[in-house]
Amino acid sequence: MRRPDVVKRKRATLSDIAKQVGVSIGTVSVVLNGSHSGTTVADQTREAILEASRALGYRPNWVARTLQGAATRTIGIIPTQAEQDFLLGPHIRRVLNAASNVLHVVNYDFLVITRCNQLDSQEILKAVVNGRMDGALVVAPVVDARLVDTLLEARFPVAVLDGDPAHPCVFNTDDTEGTRLAVEHLRSLGHTRIASIAGPSTLRSGRLRLAAFHELCGADAPVAYGDFRIQGGEQAFRELIQRDSRITAISCANDEMAIGAMRAARQLGLGVPKDISIVGFDDESSAQLVQPALTTYAQPVEEMTRAAITALLEEIETSLPVRGANIPGQLIVRESTDRPTRDKHP
């Protein structure tokens, strides 16, 4: 129940500041919005306006500013799914760090959208095209979602990481090539019983990496499904070894599942790479820290993010539409792969 002695504080407006300082609303707007309308404001007046805005707790009305054509200098970042602890994921951390580095230089901020149902067009418009931001970076949109289409139809500046290349604004790495390099590396070491720990089919990367594995190793090659997390990799590894103990190598759809597979191997008494070789995908920082260090396909996440943010800023500033690119990575061979020493696990 609301306390009777608590009075809701009225939001401060430009008019409130103008009255306190004794100037016009237009002068206040010029100072607080940083516009260059030809109006000259004396330093003493400018300082008085800024001091009054702080004292009154003035906060800009972003919706009104956008309707007036003013820029927010803010980029929205929309993750695949804003579930609990998602910001702890290594992939999104790399994206946010790279985006921050680019935006800091040009005096932009970013806003992570944590409530956005990608399957609901109206909710998308409510969450994103609401005046709080000038453009959006979508990270790995869910397959079959209307998110990117909705933003493009609204003529809202958007760039996409790991999305459908049918959209012109997408920045991808070559998932098929990355999987091919991983499998061919294992084959070059002499492995013939190669399995896959695949990612979620709701994501484009999960589908493409699995399709590439099937094309290389056949439709009957052993596959278990994970969720791009360490625990999912552990469970998938146990499932594979229980199903076929002759497996000597595993190609994993991301590094976290590969690290989970390595942990499960140790728990089952299997040496990596003595008994089983494991390859990841991404080259997260943890790939170099685990023991043994993980062989993996290095996805150029930072380069992709920098290119996407730069193109997005160009569209915002010049109205030149974002044009995506396919940015190749490379296989990094470390200690988790070696020649097979036995044909069958004990």
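**Close-up 1. Phe281 and Tyr297 are both buried.** The model shown is predicted. A search of the whole structure turns up one aromatic pair. Its rings belong to Phe281 and Tyr297, with centres 4.8 Å apart. The ring planes stand at 45°, so the pair is classed as tilted; planes under 30 degrees apart would count as stacked, and over 60 as edge-to-face. Phe281 comes from strand β9 (residues 277-282) and Tyr297 from strand β10 (residues 295-298). The pair therefore ties together parts that are 16 residues apart in sequence.

**Close-up 2. Asp283 has a positive phi in the loop between β9 and α12.** The phi angle of Asp283 is about 65°. The residue is not a glycine. Its relative accessible area is 18%. Buried means under 20%, so Asp283 counts as buried.

**Close-up 3. A cis peptide bond joins Gln291 and Pro292.** Omega is about -5° here. Pro292 sits in the loop between α12 (286-289) and β10.

**Close-up 4. The peptide bond from Val272 to Pro273 is cis.** For this bond, omega is near 10°. Pro273 belongs to the loop between α11 (255-267) and β9.

**Close-up 5. Ala140 is a buried residue with a positive phi.** Phi is about 50°, although Ala140 is not a glycine. Ala140 lies in the loop that runs between β3 (135-139) and α7 (147-153). Its relative accessible area is 8%. With the limit for buried set at under 20%, Ala140 therefore qualifies.

Close-up 6. Helix α1 spans residues 14-21 and helix α3 residues 43-56. Their axes lie 9 Å apart, at an angle of about 125°. The crossing is right-handed. On the α1 side, the contact is made by Asp16, Ile17, Gln20 and Val21. On the α3 side, Ala48, Ile49, Ala52, Ser53 and Leu56 take part. By class, this contact has six nonpolar, two polar and one charged residues.

How values were computed:
Residues are numbered from 1 along each chain as its sequence is written. This is a predicted model: local features need pLDDT of at least 70, side-chain atom pairs count only at pLDDT 80 or more; totals for chains, interfaces and linings use all residues. Side-chain values use heavy atoms; hydrogens and water are left out. Axes are lines fitted to C-alpha atoms, for helices over the stretch in contact, and angles run from 0 to 180 degrees between N-to-C directions. Helices (H or I, at least four residues) and strands (E, at least two) are DSSP runs, numbered from the N terminus. A crossing is left-handed if the near helix is turned anticlockwise from the far one by less than a right angle, and right-handed if clockwise. Contact means heavy atoms within 4.5 Å. Ala, Val, Leu, Ile, Met, Phe, Trp, Tyr, Cys and Pro count as nonpolar, Asp, Glu, Lys and Arg as charged, and the others, Gly among them, as polar. Rings of Phe, Tyr and Trp (its six-membered ring) pair if their centres lie within 6.5 Å; planes under 30 degrees apart count as stacked, over 60 as edge-to-face and the rest as tilted. Buried means under 20% relative accessible area, exposed over 50%, partly exposed in between (1.4 Å probe, protein chains only).
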